[in-house]
Amino acid sequence: MNPHLNLTEQNRLKLWDNIRFDSFLPCTVYLFVSLTVGVPGNIIVLYVYGFRLRGRHNGRYFIPYLAVADLLALILSVALHAMSNFFPVTFKYNELCSWSFTLAFLTTILSAFILLIISVQRYLKVCKPFGGQMTLFWRRMSLLLSLILSIGLAIPSYFTFGSENVYNEELNVTGSACRRLTSTTQTASLIHSVICALFMLAEAIALTILYAEIAKVIFRRKKEPLSTFYQANSKENDKKKNNNVSLMFMIITIIFIISFITRLVTFILESAIVGIWERLSVTEYGVVRMIELFYIINHLANPFIYAFMDDKFISELKIGLFCKTKLETDTPENT
């Protein structure tokens with residue numbers, strides 16, 4: 001006989017809550033480290049690209065908007081999952097849970113849409129340099145459309161996530177967890193999950209195709225003899241900068257795709273199988289919990305990539321931090 005059954009129901013619930021809290025501890029530490037690193041990083045990106053480089057490099061036009069989306073997604077995601085980790089089976093605020101999931105999902109999807117817009121812009125600049133480019137009007141319209149689509153995809157989360165009753169057979173106690181409401185909205189949850197999965201799959205395919213074409217052009221340019229290249233285009237330095245920016249966004253996109261794979265899998269599984277998390281052992285659940293939150297890396301990695309691959313970012317950051325003055329004035333670039 002389980003000796004814990006001699007405890008009161010409240011004490012059994014508290015015991016279960018503490019056991020899960022301990023198993024989620026590595027995940028909670030990871031969340032707060034991500035917050036500590038990601039928030040300053042995205043704020044710095046917003047400062048450099050949004051204020052110091054604003055209007056001078058239209059190829060980097062979307063970076064401040066991506067930084068805002070990543071910053072909000074990071075803060076909301078960490079707050080949501082930390083809240084769930086601190087009260088794994090004693091969470092009782094249904095509205096807070098529903099809104100937290102909805103807003104975190106909205107900003108995450110918006111970040112993904114902006115990456116898709118950037119890939120289209122890079123494709124036009126690299127593969128169709130003499131064709132039509134994204135004007136300021138279409139850049140703004142693409143952002144507005146991304147926001148509208150993100151809201152549309154996020155709204156169902158308000159109805160499919162909330163505080164759900166969970167049962168522990170071993171302790172014979174019922175708690176409440178902030179998560180997907182599969183016990184009451186399984187069909188709606190599954191439909192929403194499939195739609196989101198198809199969207200992510202379609203975006204991954206589109207990103208792969210666009211950046212594959214961009215990579216082909218960059219590789220072909222590198223193989224051209226210098227004399228031929230100079231004859232074809234006197235602005236060789238601008239071409240090199242353009243290629244570097246494209247490669248930078250290519251790496252950002254690869255990180256995005258890889259980091260979201262595990263979250264997408266659990267997103268579908270938790271909607272298809274009722275009570276899937278209660279079927280796992282405490283250790284297994286802790287490990288899966290850590291793996292599924294790997295997607296948060298996507299919201300904090302970009303500042304490091306800019307720092308390693310964008311000379312303009314580093315130079316402007318140094319000027320801003322050390323209050324240096326520039327001897328020459330930058331001219332607008334198309335990179």
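**View 1. Strands β1 and β2 pair as an antiparallel hairpin****.** In this predicted model, strand β1 (residues 161-168) is joined by 8 bridges to strand β2 (residues 173-180), and the two run antiparallel. Strands here are DSSP runs labelled E of at least two residues, helices are runs labelled H or I of at least four residues, and both are numbered from the N terminus; two strands count as paired if DSSP finds at least two bridges between them. One of the bridges can be followed from Val166, whose partner in β2 is Gly175. Between the two strands of the hairpin there are 4 residues, and Asn172 in the turn has a positive phi of about 50°. Because 6 of the 8 residues of β1 are buried, this strand is largely enclosed by the rest of the structure; buried means under 20% relative accessible area, exposed means over 50%, and partly exposed lies in between, with a 1.4 Å probe and protein chains only.

**View 2. Glu278 takes part in a network of salt bridges****.** The side chains of Arg20 and Glu278 meet in a salt bridge with an N to O distance of 2.9 Å. This pair links distant parts of the chain, since Arg20 belongs to helix α1 (residues 9-23) and Glu278 to the loop between α8 (236-272) and α9 (282-292), 258 residues apart. Arg20 counts as buried at 8% relative accessibility, whereas Glu278 is partly exposed at 25%. Glu278 also forms a salt bridge with Arg179, where the closest N and O atoms are 2.9 Å apart, and this second pair bridges 99 residues, from strand β2 to the loop between α8 and α9.

**View 3. Nonpolar side chains form a patch on the surface****.** Leu190, Val194, Leu198, Leu201, Ile205, Ile209 and Ile268 form this patch, with about 580 Å² of accessible area together. Such a patch is made of residues with over 30% relative accessible area and no salt bridge, with nonpolar side chains (Val, Leu, Ile, Met, Phe, Trp, Tyr) joined within 5 Å and, for charged patches, like charges joined within 9 Å; areas come from the Shrake-Rupley method with a 1.4 Å probe, and for residues only the protein chains shown count as cover. Helix α6 (residues 182-223) gives the most to the patch, with 6 residues. Leu198 is found in helix α6 and counts as exposed at 51% relative accessibility.

**Notes to all views.** Residues are numbered from 1 along each chain as its sequence is written, and side-chain values use heavy atoms, with hydrogens and water left out. Because the model is predicted, local features need pLDDT of at least 70 and side-chain atom pairs count only at pLDDT 80 or more, while totals for chains, interfaces and linings use all residues.

Notes. A salt bridge is a side-chain nitrogen of Lys or Arg within 4 Å of a carboxyl oxygen of Asp or Glu.
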